[in-house]
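Please read it alongside the sequence and the model.

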Amino acid sequence: MHIRPVVVDGSRHGDVPPPPPPPPQQSEARAAFQDCASVGLGMLPLGLAFGALVIQSGLDWWWAGLSAALIYGGSFEFLLIGMVAAAAPLTSIAVAAFLVQARHVFYALSFPLHRVRGRLAKTYSTFALTDEAYALTAAEQAHAWSSRRILWLQFFMHLYWAGSATAGALLGSLIPDSVIGLDFALTALFTVLALDAIRDLRGDLPTPVLALACALAARLLFPGQMLLTAFAFFCAGLLARHIATSRKPAHV
């Protein structure tokens, strides 16, 4: 006599029930957008101010969007507008670009470019390496971010800057001259990022103390090249500290 197996809830008796479906994961793009939302909002007034400066310098409005999309240099773009309006020679522009943007060489030493996959993706990530992107990816919670999340983060910040600069150029004539404080937006933004980075150090006070000492030494020794010199001193100090601590025997 043939006995049919008992069917319970659509499955045969004794069979292992299928595992529950995994919980829906947040998309990389949405997570990256949330990561850079506060920083992007801090970039908006600065981009609007840059767009308004383009119009006040006598240039066409599309200069703002073109500069933000292709140069994406932040502080150098403010300097470039004045040099273009003054018809500065290309050699002067090139030297200014090197001096202002040389800090990115030191950013590349610890930026997680090794986690970005693909030659094209690495190329764009290198181009879109900004102060804000470096500050966000240097945080402790960013150590597990994937390649797509890093790229989306940089893309959204690029979009914030290009969009706000274009909007500032289009609306530049509507911004009254009495509005003040837009030039302080970048300073306030990096102050907040620096405070977040110090909190992530978990009591590692020598790092901010070392940074302050390097800045003071560069200001006293090479005031004309303070930024580049301070970064060089800071990089050398971190390297020396790493070598000194790695030679110490580990405590059991």
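Helices (H or I, at least four residues) and strands (E, at least two) are DSSP runs, numbered from the N terminus. The structure is a predicted model, in which local features need pLDDT of at least 70 and side-chain atom pairs count only at pLDDT 80 or more, while totals for chains, interfaces and linings use all residues. Residues are numbered from 1 along each chain as its sequence is written, and side-chain values use heavy atoms, with hydrogens and water left out.

**Overall organisation**

The chain contains twelve helices and two strands, and along the sequence these follow the pattern β-β-α-α-α-α-α-α-α-α-α-α-α-α. Of the 252 residues in the chain, 31% are buried; buried means under 20% relative accessible area, exposed over 50%, and partly exposed in between (1.4 Å probe, protein chains only). Contact means heavy atoms within 4.5 Å. Among contacts between residues at least 6 apart in sequence, 72% join residues at least 24 apart.

**Helix packing**

Two packed helices are described by the angle between their axes and the distance between the axes. Axes are lines fitted to C-alpha atoms, for helices over the stretch in contact, and angles run from 0 to 180 degrees between N-to-C directions. Angles under 35 degrees count as roughly parallel, over 145 as roughly antiparallel, 65 to 115 as roughly perpendicular, and the rest as oblique.

The axes of helix 3 (residues 62-70) and helix 9 (residues 147-170) come within 8 Å and cross at roughly 165°, which means that helix 3 is roughly antiparallel to helix 9. Helix 3 contributes A64, G65, A68 and A69 to this contact, and helix 9 contributes residues including H158, W161 and A165.

Helix 11 (residues 206-221) and helix 12 (residues 226-246) pack at about 140° with their axes 8 Å apart, and helix 11 is therefore oblique to helix 12. Among the residues making this contact are L210, C214 and R219 of helix 11, and F233, F234 and R241 of helix 12.

The table gives the residue classes of both contacts. Ala, Val, Leu, Ile, Met, Phe, Trp, Tyr, Cys and Pro count as nonpolar, Asp, Glu, Lys and Arg as charged, and the others, Gly among them, as polar.

| Helix 3 with helix 9 | seven residues | three residues | no residues |

**Nonpolar cores**

A nonpolar core is a set of buried Ala, Val, Leu, Ile, Met, Phe, Trp, Tyr and Cys residues joined through side-chain atoms within 4.5 Å. The largest core has 34 residues, of which C36, F50, L153, M157 and W161 touch the most other members. Helix 2 (37-56), helix 3, helix 6 (103-107), helix 8 (131-137) and helix 9 each give two or more residues to this core, and helix 9 supplies the largest share, ten residues. Leaving aside residues up to four places away in sequence, W161 touches M43, L46, G47, F50, A68, Y72, G74, E77 and F78. A second, separate core of six residues includes F76, M83, I93 and A96.

**Positive phi values**

Y72, in the loop between helix 3 and helix 4 (75-85), has a positive phi of about 50° although it is not a glycine. Y72 counts as buried because its relative accessibility is 6%. A87 lies in the loop between helix 4 and helix 5 (90-101), and its phi, near 55°, is likewise positive in a residue other than glycine. A87 counts as exposed, at 63% relative accessibility.
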